[in-house]
Amino acid sequence: MATDAPLPHIVVLGAGFGGLTFCQKLPDGIAHITVIDRQNHHLFQPLLYQVASAGLSAVDIAQPIRAILAKKPGLNVLMAEVTGVDFAQRRVVHEFGELAYDYLVLALGGVTSYFGHPEWELHAPGLKSLDDALRIRRKILCAFERAETETDPVKQQELMNIVVVGGGPTGVELAGAFAELARTVLRRDFDRIDPARAHILLIEGGPRVLATFPPELSASAQRQLEHLGVEVRTGLKVEEIRDGEIVAGGKTIRAANIIWGAGVGGNPLAKKLGVELDRAGRIKVQPDLSLPGHPEVFAIGDMVVLVDKNGVTVPGVSPAAMQMGAHVAKIIEAEQQKGRADAAPRAAFGYWDKGTMATIGRSAAVAHIGRLKFSGWPAWAAWLFVHLIFLVSFRSKLSVLIQWTYSYFTYKRGARVITGVSGSSPAGSA
């Protein structure tokens with residue numbers, strides 16, 4: 001690369017795991033980078049369920065994007081909503097104007113999918129953001145507060161009923177955390193009700209929970225959930241969700257809280273790009289993660305569907321997004337150092353599966369790492385260690401470790417503060 005040539009401008013849409021990893025892996029002096037995100041923070045999504053179940057505070061799992069990337073030279077951060085991309089002119093359109101790019105990295109993540117029933121979102125919130133987690137936490141805690149003053153025993157029980165839809169990792173983690181919250185934490189807080197009587201129901205449309213895990217680990221997960229007091233119903237299809245009730249398998253279930261953890265779809269921006277998408281709205285990318293016909297545009301993370309060079313369908317998990325971000329950084333680095341014409345042909349992306357884990361509750365989890373399959377306390381300890389490693393800041397690691405240690409030995413949770421008006425969006429909650 002000629003020393004007097006102007007540096008290319010790379011625009012990165014999204015500061016999740018994929019977008020941040022790309023920025024961190026691209027060597028300094030290769031390009032000017034602008035990161036655009038609608039939020040001002042990076043969110044450690046694997047721990048969102050802990051915020052929703054009052055186990056952690058919001059600030060424990062989020063950090064300002066500017067702080068994370070503060071030491072990266074030639075990088076700017078813009079908090080804005082992206083409204084479109086003009087591939088022909090190589091411009092990104094956002095709410096405050098436009099930005100020209102030489103390379104574009106799409107890393108906007110996914111959104112909650114209601115499988116063609118967007119109206120269900122009003123009554124069954126999903127869990128993809130801090131606002132979602134704080135809304136769920138407030139609704140759960142407010143329901144128990146209302147149950148304390150309810151004189152009708154039927155309505156009182158409905159207020160303590162929680163239905164979680166979806167038996168994937170998010171649903172399993174939420175159901176287990178809610179069961180622990182009710183039975184080991186809230187039961188000490190009330191005088192007129194016994195929160196241990198709360199009915200936690202997990203509904204899964206398939207034949208087993210954690211369907212991506214080996215069958216024996218799925219069975220172990222269900223046993224651990226049931227040990228915590230969660231009722232698990234598999235093979236049950238949701239037919240309707242209304243205010244305070246859900247219809248599944250032809251039966252109506254009344255519950256003050258219905259939480260959706262059943263599906264993830266592509267980011268809505270993908271539909272505006274004019275590129276080929278799968279049924280879930282995810283972008284079908286080339287083997288090198290570029291968009292067909294647009295070698296200067298890459299897409300990574302949850303908004304992508306790809307069968308990698310090894311014939312593996314890349315899962316929508318944070319390690320995959322991080323590996324994709326690093327792969328794109330290597331491609332751009334090579335092309336800028338040698339020039340696009342002289343650079344070697346782009347390598348196809350290959351996913352390295354480091355294993356999968358799902359936590360269920362206190363000392364309860366399942367893990368599948370290579371040929372190893374284990375559950376219970378060893379899996380929970382492994383899960384805890386891995387997630388602490390991936391937290392972005394030392395302060396977050398220390399805070400989370402102290403909070404979890406305290407909760408583990410005392411069965412208490414320190415984030416049971418209700419803020420905002422019940423039913424509204426949680427502005428400024430922690």
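Trainee: Which residues is F349 in contact with, leaving aside its neighbours within four places in sequence?
Mentor: In this predicted model, F349 is in contact with P287, L289, L306, D308, K309, V314, A320, Q323, M324 and H327.

Trainee: Is F349 buried or exposed?
Mentor: F349 is buried, because its relative accessible area is 2% and the cut-off for buried is under 20%.

Trainee: Where does F349 lie?
Mentor: F349 lies in the loop between α8 (318–338) and β23 (356–361).

Trainee: Let us change topic. Which residues touch the most other members of the largest nonpolar core?
Mentor: Those are I61, F144, F178 and L202, in a core of 66 residues. Helix α6 (residues 169–185) gives the most to this core, namely 9 residues.

Trainee: What does F144 touch, not counting residues up to four places away in sequence?
Mentor: F144 touches M160, A182, L186, F190, I193, P195 and A198. Another core, of 54 residues, lies apart from the largest one, and A31, I36, V297 and F298 are among its members. In soluble globular proteins, nonpolar side chains tend to be buried together.

Trainee: Which residues make the nonpolar surface patch?
Mentor: F385, I389 and F390 make a nonpolar surface patch of about 300 Å². Of these, F390 is found in helix α9 (residues 377–390).

Trainee: Why does F390 count as partly exposed?
Mentor: F390 counts as partly exposed because its relative accessibility is 33%, which falls between the limits of 20% for buried and 50% for exposed.

Trainee: Which residues of α1 are buried?
Mentor: The buried residues in α1 are F17, G18, G19, L20, T21, F22 and C23.

Trainee: One last topic: how many bridges join β15 to β16?
Mentor: 4 bridges join strand β15 (residues 245–248) to strand β16 (residues 251–254), and the two run antiparallel. E245 has R254 as its bridge partner in β16.

Trainee: What does G249 do in that hairpin?
Mentor: The hairpin has 2 residues between the strands, and G249 takes a positive phi near 60° there.

Notes: Residues are numbered from 1 along each chain as its sequence is written. This is a predicted model: local features need pLDDT of at least 70, side-chain atom pairs count only at pLDDT 80 or more; totals for chains, interfaces and linings use all residues. Side-chain values use heavy atoms; hydrogens and water are left out. Two strands pair if DSSP finds at least two bridges between them. A nonpolar core is a set of buried Ala, Val, Leu, Ile, Met, Phe, Trp, Tyr and Cys residues joined through side-chain atoms within 4.5 Å. Buried means under 20% relative accessible area, exposed over 50%, partly exposed in between (1.4 Å probe, protein chains only). Contact means heavy atoms within 4.5 Å. Patches are made of residues with over 30% relative accessible area and no salt bridge: like charges are joined within 9 Å, nonpolar side chains (Val, Leu, Ile, Met, Phe, Trp, Tyr) within 5 Å. Accessible areas come from the Shrake-Rupley method with a 1.4 Å probe; for residues, only the protein chains shown count as cover. A salt bridge is a side-chain nitrogen of Lys or Arg within 4 Å of a carboxyl oxygen of Asp or Glu.
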